[in-house]
Amino acid sequence: MEERSPTAGGKARNLVSSATSLRLSLTPARSPDHTYVVQIPRDQVYRVPPPENAKIVEYHRQPATQKKRKCTCCCWVLSALLLIGIIIGIIVLVIHTMYAPKCPQFSITSVHFKNATQPSNGQKNKSHPQSHPQFEIELKIFNVNEKMDVVFGKGNNGKATLIFKKNEIGQGKYPSISQNPKDSTNSHFNLDAGKLTGDIQKSLDDDKKPIPMTLSINAPLEITSWAKNLKKDLSVTCDFDVESVKSKSKVKSEDCHTNF
C-alpha cells in the first residue's frame with residue numbers, strides 16, 4: 001500500500017488556510033459606525049436635478065406667479081373703473097353745460113291806455129255793456145335756452161301789476177305762453193285800470209315828457225328737457241319810459257330783471 005508523503009499533505013493544508021484568510025480579509029466589515037466614500041467618475045455626474053427637486057422648486061415659485069397675476073388683474077380692473085368714471089364725468093359735464101336752465105329775456109314793446117266808453121244813447125243793456133279803462137301791454141319774451149322748452153304763466157296763474165309814481169294803476173292776470181328752444185314770442189295782455197287821481201290822469205295825458213312806469217309780473221316758470229327740468233315762481237320787474245300811453249308808442253328805455 002502506497003503511503004502519502006507528509007510533506008505534500010502539509011502543503012495542501014497551508015494553501016487552504018491561506019486562501020480562507022485572504023477571502024476574509026477582502027470582505028469589508030459591516031459595522032454601522034463606519035463611513036464609506038463612493039467615488040463616481042466625472043462622465044457619470046448629472047447636472048439636471050431629479051424630478052422631485054423640480055417639483056419642490058415649482059411649488060416655491062408658484063405663489064409669486066399667482067401674486068403677479070392677481071396684481072395684473074387688479075390693475076386692469078382699476079384702469080377700467082377709472083376709464084368708466086372719466087367717461088361718465090365727461091357725459092355729466094356735457095349734459096350740465098348743454099342743459100343748464102337759463103332764464104328767458106323780457107322786454108316791453110308797447111303800453112296803450114284805453115279809456116272807458118259807454119253807449120252813445122246813454123242806455124245800458126246786455127248787448128252794449130259798459131267797458132272799463134284798461135292798459136294794453138305787449139311783452140316780448142325770448143327763450144335763450146338752446147335745448148330746453150319754456151312755459152311761463154302755466155294755468156293762467158300769473159299776476160301782473162303796472163305801477164306809476166308808486167301807485168298801482170293797473171292789475172290783471174298774466175296769460176300762459178309756451179316756447180321752443182331759441183323761440184321769441186310777443187305776449188299781449190290787458191290790465192284793468194283802477195281809479196286814477198287827477199294828477200295821475202294829467203301826467204298820463206302829457207305827451208311832452210317821458211312817462212316812467214314799472215311792470216311787475218309774478219308767474220310760475222317751467223324749463224323742461226329730457227335731461228333736466230326746473231320749476232319755480234319767477235318774478236319779473238321792468239322799469240321803462242314810454243313817450244305816450246294814448247297810442248301804441250315806442251318804449252324809449254327799459255331795464256328788466258328777474259329773481260332767477
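Y174 is buried, its relative accessible area being 0%, where buried stands for under 20% relative accessible area, exposed for over 50%, and partly exposed for what lies in between, with a 1.4 Å probe and protein chains only. The model is a predicted one, in which local features need pLDDT of at least 70 and side-chain atom pairs count only at pLDDT 80 or more, while totals for chains, interfaces and linings use all residues. Residues are numbered from 1 along each chain as its sequence is written, and side-chain values use heavy atoms, with hydrogens and water left out.

The structure holds 5 aromatic pairs; rings of Phe, Tyr and Trp (its six-membered ring) pair if their centres lie within 6.5 Å, and planes under 30 degrees apart count as stacked, over 60 as edge-to-face and the rest as tilted. Y99 is buried at a relative accessible area of 10%, whereas W226, at 65% relative accessibility, counts as exposed.

The rings of Y174 and F189 have centres 5.2 Å apart and planes at 70°, and therefore this pair is edge-to-face as well. Because Y174 lies in strand β5 (residues 167–174) and F189 in strand β7 (residues 184–193), the pair ties together parts that are 15 residues apart in sequence; strands (E, at least two residues) and helices (H or I, at least four) are DSSP runs, numbered from the N terminus. F189 counts as buried at 4% relative accessibility, and F106, F152, Y174 and F189 form one aromatic cluster.
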